[in-house]
Amino acid sequence: MTGLAAVRARVRRATGPLLRSVPRDHWESDEAFRHRRRVTGATAVTGASLLGVSLSTPPGSPRFYWLTLGVAGTWVVGGLASGPLHLGRMFGPGEQLRRPVLTPVVSGVGAFGAFYAAALVARRIPVLERAIGSVLRYADQGTTPLVLTTTLANGVAEEVFFRGSVYAAAGATRPVLASTAVYGLATTATRNPALVLASLPMGLLFAQQRRITGGIQASMLTHVVWSALMLRYLPPLFARRLAEERSSPE
């Protein structure tokens, strides 16, 4: 028991700073808060509409790339126009506050590992296999540099808006749940069950990072790492489905 207690103590010391919310002073006036909510609401509707249209266009078409970049631009412009955003900090060695870098990157790798394991199961479930295949076909049939650019741009943009603007607009009452719910609702515009299912656990993870660090840098790094790994390693798991997508008429 002594050895186990020592291990637990070390784990607490190692993970404690990662789970402690940093102090922050992000107060804003009532008028500024109302402005943030107005801009956030309008941006959410506009961005979700564009998102739905973008995933109804043919893979590899110029229209797809322009629309997806338009979605990213909408999130960024709306997020920045809503009010001040913050990068955030986290506790490091010696109780010093620092910008989050390594921990978010590791979190992104861990999230990818969990989703890769889930994908091994999902590809045996026809409805999920079809849903995932319909998303991955944009990577399979598109131009790799352009797909990577639009994917990472949207990952960054979503954090600016959903963990920046939406989280702040939610106020002090359950902002983690509120921002995750809005993120999930916006994703329903894609009409893809796989994307909607993925948005909920990832939305919770990103929002928790926002809560702990007080900013969007941690969730932004995690999102980018997770997206890049998914884009690189998920398509081979669905090679059969993607072959069917390529051979089927539009």
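Predicted model: local features only at pLDDT ≥ 70, side-chain atom pairs only at ≥ 80, totals over all residues.
Start with helix packing. Two packed helices are described by the angle between their axes and the distance between the axes. Take helix 3, residues 62-82, and helix 6, residues 144-169. Their axes lie 8 Å apart, at an angle of about 25°. Angles under 35 degrees count as roughly parallel, and helix 3 and helix 6 are therefore roughly parallel to each other. Their crossing is left-handed. On the helix 3 side, the contact residues include Tyr65, Leu69, Trp75 and Leu80. Helix 6 answers with residues including Leu146, Asn154, Phe161 and Phe162. By class, this contact has 14 nonpolar, 7 polar and 1 charged residues. Glu158 of helix 6 is among the residues that take part.

Now turn to helix 5, residues 126-141, and helix 10, residues 239-247. The axes of helix 5 and helix 10 come within 9 Å and cross at roughly 70°. That makes helix 5 roughly perpendicular to helix 10. The crossing is right-handed. Helix 5 contributes Glu129, Arg130, Gly133, Ser134, Leu136, Arg137, Asp140 and Gln141. Helix 10 contributes Arg240, Arg241, Leu242, Glu245 and Arg246. The classes here are 2 nonpolar, 3 polar and 8 charged residues.

The largest pocket holds about 1,100 Å³ of space. It is lined by 43 residues, and Val135, Leu195, Ala198, Trp226 and Met230 are the closest to its centre. Helices 2, 3, 4, 5, 6, 7, 8 and 9 each supply at least two residues. Helix 8, residues 193-213, gives the largest share, with 8 residues. The lining divides into 30 nonpolar, 12 polar and 1 charged residues.

The second largest pocket has a volume of about 410 Å³. Its lining has 21 residues. Nearest its centre lie His26, Tyr167, Ala168, Gly171 and Arg210. Helix 2, helix 6 and helix 8 are the elements that give two or more residues to this lining. Helix 6 gives the most, with 4 residues. By class, the lining has 9 nonpolar, 6 polar and 6 charged residues.

Helix 6 ties several of these parts together. It packs against helix 3. It supplies at least two residues of the lining of the largest pocket. It also gives the most to the lining of the second largest pocket.

Conventions:
Residues numbered from 1 in each chain as written. Heavy atoms only, no water. Axes fitted to C-alpha atoms, helices over the stretch in contact; angles between N-to-C directions. Parallel < 35°, antiparallel > 145°, perpendicular 65-115°, else oblique. Left-handed = near helix turned anticlockwise from the far one by under 90°. Contact = heavy atoms within 4.5 Å. Nonpolar A, V, L, I, M, F, W, Y, C, P; charged D, E, K, R; others polar. 1 Å grid on protein atoms, 1.4 Å probe; cavity = no way out; pocket = protein on both sides within 12 Å on 5 of 7 lines; lining within 4 Å. Points joined across faces, edges and corners; volume = space filled by probe spheres on them.
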